[in-house]
Amino acid sequence: MDGVLNKRGKEDGRFYPRRFVLREGEACLKYYVKESHKEPKATIHISELNAVFCPDKIGNKHGLHLTYVKDGSTRNIFVYSEDGKTIVDWYNAMRSVKLHHLQVAFPGAKEEELVQHLTRDFLKEGWLWKSGPRPTDQHRRRWFTLDDRKFMYLEDPLDAYPKGEIFLGYHGEGYTVRPGALPGFKEQPFSFTVVTPSRKFVLASETEKDRSEWISLLSKVMERPLNPHDSN
């Protein structure tokens with residue numbers, strides 16, 4: 001598949017037309033700053049690529065949020081098309097190429113099992129107040145995204161990279177979430193704490209309902225034992 005999508009610039013936040021190319025044989029998505037360029041600006045292997053529809057986030061009903069890992073951090077790319085069919089075709093093409101890649105990598109696996117690993121929606125996104133590591137640190141408003149075992153926070157929902165990523169492991173290995181702040185920390189309304197072996201994160205929602213949803217979803221992730229595909 002080969003065509004033009006409007007991509008959000010990393011620095012200025014404006015959208016620019018970019019040529020995107022997806023080839024099944026290459027198992028990667030490439031995009032070019034200009035259609036005439038021979039070398040791509042980025043090459044994303046299909047095994048690392050996730051795609052989520054995001055009309056509300058970017059303010060366009062045909063928006064798509066792409067994520068992949070670059071230099072150890074999650075890279076966010078936001079694109080849209082003026083035509084709804086075009087963006088759906090791109091989404092389906094990415095899933096199709098990824099399915100083919102998985103079928104080659106795991107020839108004995110059933111298709112219905114592989115389909116579960118093509119794309120995934122975020123479990124939850126939204127604003128939270130986050131404290132720094134010291135009790136005297138101020139709470140700052142951050143946008144949080146729960147993407148399976150990755151709990152990421154950003155200054156703005158459309159940032160190219162998160163300010164931080166919290167890996168959520170198995171609760172039997174020191175990972176947990178509980179209501180309330182840590183002793184000595186300022187108790188914000190609707191506070192809760194995410195505990196990992198390396199650090200404790202004090203957060204706060206703006207409503208009790210929102211806090212309950214975050215705690216429930218985070219707990220469910222931590223209740224799952226790690227599998228070979230999980231990594232921190």
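User: Why is aspartate 148 called partly exposed?

Analyst: Buried means under 20% relative accessible area, exposed means over 50%, and partly exposed is in between, using a 1.4 Å probe and protein chains only. Aspartate 148 has 24% relative accessibility, so it counts as partly exposed. Keep in mind that this is a predicted model, where local features need pLDDT of at least 70, side-chain atom pairs count only at pLDDT 80 or more, and totals for chains, interfaces and linings use all residues. Residues are numbered from 1 along each chain as its sequence is written, and side-chain values use heavy atoms, with hydrogens and water left out.

User: Where does aspartate 148 lie? And what makes its phi worth a look?

Analyst: Aspartate 148 lies in the loop between strand 9 and strand 10. Helices (H or I, at least four residues) and strands (E, at least two) are DSSP runs, numbered from the N terminus. The phi of aspartate 148 is near 55 degrees, which is a positive value in a residue other than glycine.

User: What is the phi of alanine 27? Is alanine 27 buried or exposed?

Analyst: Alanine 27 has a positive phi too, near 55 degrees. Its place is in the loop between strand 2 (15-23) and strand 3 (28-32). With a relative accessible area of 11%, alanine 27 falls under the cut-off, so it is buried.

User: How do you know how many disulfides there are?

Analyst: A disulfide is a covalent bond between the sulfur atoms of two cysteines. The rule here asks for a pair of cysteine sulfur atoms within 2.5 Å, and by that rule the count comes to zero. As for accessibility, cysteine 28 is at 7%, so it is buried, and cysteine 54 is at 7%, so it counts as buried.

User: Why is histidine 65 called buried? Which side chain does it make a polar contact with?

Analyst: Histidine 65, found in strand 6 (residues 63-70), has 4% relative accessibility, so it counts as buried. A polar contact is a pair of N or O atoms within 3.5 Å; within protein, one must be able to donate a hydrogen and the other to accept it, and residues adjacent in sequence count only if both atoms are side-chain atoms. The side chains of histidine 65 and asparagine 76 make such a contact at 3.0 Å. Contact on its own means heavy atoms within 4.5 Å, and histidine 65 touches several residues that way, including Cys54, Phe78 and Phe122.

User: What makes serine 81 buried? And what lies 3.1 Å from a polar atom of its side chain?

Analyst: Serine 81 is at 8% relative accessibility, so it counts as buried. You'll find it in the loop between strand 7 (73-80) and helix 2 (84-105). The backbone nitrogen of aspartate 83 lies 3.1 Å from a polar atom of the serine 81 side chain. Leaving out residues up to four places away in sequence, serine 81 touches Leu5, Asn60, His62, Thr86 and Ile87.

User: Why is arginine 95 called partly exposed?

Analyst: Arginine 95, in helix 2, has 21% relative accessibility, which lies between the two cut-offs, so it counts as partly exposed. Its side chain makes a polar contact with the side chain of threonine 119, at 2.6 Å.

User: How do you know that the length of helix 4 agrees with what it should span?

Analyst: The expected span of a helix is 1.5 Å times one less than its number of residues. Helix 4 (residues 208-223) has 16 residues and should span 22 Å; its end C-alpha atoms are 22 Å apart, so the two agree.

User: Which residues of helix 4 are buried? And why are they said to be on the same side?

Analyst: In helix 4, Asp210, Arg211, Trp214, Ile215, Leu218, Ser219, Val221 and Met222 are buried. They cover an arc of only 160 degrees around the axis, so they sit on the same side of helix 4; the arc is that of the directions from the helix axis to the C-beta atoms. On the other side of helix 4, Lys209 and Lys220 are exposed. The buried residues of helix 4 pack against several strands, among them strand 8 (124-131) and strand 13 (191-195).
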